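Here are my notes on this model, as numbered points. Please read them with the coordinates open.

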Amino acid sequence: MIRAVIFDFNGVLVDDEYLHFDMFREVLAAEGVTITDRDYHERYLGLDDRGCFEAALIDGGQEADQERLDALIARKAVRYAEEAGIGLRFFPGAADCLAALAGRWPLAINSGALRPEIEFALGLIGSRERVGAIVSAEDTSRCKPDPQGYLLALAALRDDPGAGVPDLDAGECLVIEDSLAGVASAKGAGMFAVGVSNTYRADELEGAGADAVLPGVDHLTPVWIEAQFARDRNSGAGTR
């Protein structure tokens, strides 16, 4: 049933949602906008940088034109790189999970993070070569919960000669997500979605449409995936 696996990144493999929140809060504070941890968790988490800054500025009664958003994104990227260079935290089993699954299926990443941030982090755990396709914030015009990013990841996997899946269907893709917006995005693309309860509770992820929920990627194995999703391919994603 499953022929490819697509990972979200922040909150799934790399434990840096706290860092993104700190950087958003710092950059927005300089613009006269205050966001709390609760604001971030309930309103902005799952959005890409542009979506988060745009929503926060509008919520704060300020203008959010493209030039201003570009400047804020660039400022945050510099600060993130400074802090990430000191050290990033990864969730238990992240590198081992990628290694195990890459031995069975082609892998992709669809994230609202910037490409340099994703590639830097993957390099830290020696996993860049295990991921065949990356869809990052630079590649999309609509952030999660819109399905655009996952549909772009599907197209990238089809086009990747090394993946060997030119006829890949959305219903043959398994998405690993930590956010409610991310689960909705995957389901909107017609894919299966497994939630990892690093950021939201299992019941919240299930309520968003997750087909299954795990405590983390250290529980995600080829054996578990094949047992969980070994169903008639004609049944279709989203009916589970």
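Predicted model: local features only at pLDDT ≥ 70, side-chain atom pairs only at ≥ 80, totals over all residues.

1. Buried side of H4. The buried residues are Arg68, Leu69, Leu72, Ile73, Lys76, Arg79, Tyr80 and Ala84. They sit on the same side of H4, because their arc around the axis is only 135°. In general, an α-helix has 3.6 residues a turn, so residues three or four places apart point the same way. On the face turned away from the buried side, Glu67 and Gly85 are exposed.

2. Length and ends of H4. The helix runs over residues 66–86, 21 residues in total. At 1.5 Å a residue it should span 30 Å, and its end C-alpha atoms are 31 Å apart, which agrees. At the start of H4, a side-chain oxygen of aspartate 65 comes to within 3.2 Å of the backbone nitrogen of glutamate 67. After the helix comes glycine 87, with a positive phi near 155°.

3. Salt bridges to H4. The structure holds 22 salt bridges. One of them pairs glutamate 31 with arginine 68, with the closest N and O atoms 2.9 Å apart. Glutamate 31 is in the loop between H1 and helix H2 (37–44), and arginine 68 is in H4, so the pair links parts of the chain 37 residues apart. Aspartate 49 and lysine 76 form another salt bridge, at 3.3 Å between the closest N and O atoms. Here aspartate 49 belongs to H3 and lysine 76 to H4, so the pair ties together parts 27 residues apart in sequence. Both aspartate 49 and lysine 76 are buried.

4. A partly exposed pair. Arginine 128 and glutamate 119 meet through their side chains in a salt bridge (3.5 Å, N to O). Arginine 128 is partly exposed, with a relative accessible area of 26%. Glutamate 119 also counts as partly exposed, at 31%. Elsewhere, salt bridges with shared partners join Glu26, Arg79, Glu82 and Glu83 into one network.

5. Nonpolar cores. Which residues have the most contacts inside the largest nonpolar core? They are Ile6, Ile35, Phe53 and Met191, in a core of 43 residues. H3 gives the largest share of this core, five residues. Beyond its neighbours within four places in sequence, isoleucine 35 is in contact with Phe21, Phe24, Arg25, Leu28, Tyr44 and Ala56. Another core lies apart from the largest one and has 36 residues, among them Ile2, Val14, Ala84 and Ile225.

Terms used
Residues numbered from 1 in each chain as written. Heavy atoms only, no water. Helix = DSSP H or I, 4+ residues; strand = E, 2+ residues; numbered from the N terminus. Expected span 1.5 Å × (residues − 1). Buried < 20%, exposed > 50% of the residue type's maximum accessible area, 1.4 Å probe, protein only. Arc of directions from axis to C-beta. Polar contact = N/O pair within 3.5 Å; in protein donor to acceptor, adjacent residues only side chain to side chain. Core = buried A, V, L, I, M, F, W, Y, C linked by side-chain atoms within 4.5 Å. Contact = heavy atoms within 4.5 Å. Salt bridge = Lys/Arg side-chain N within 4 Å of Asp/Glu carboxyl O.
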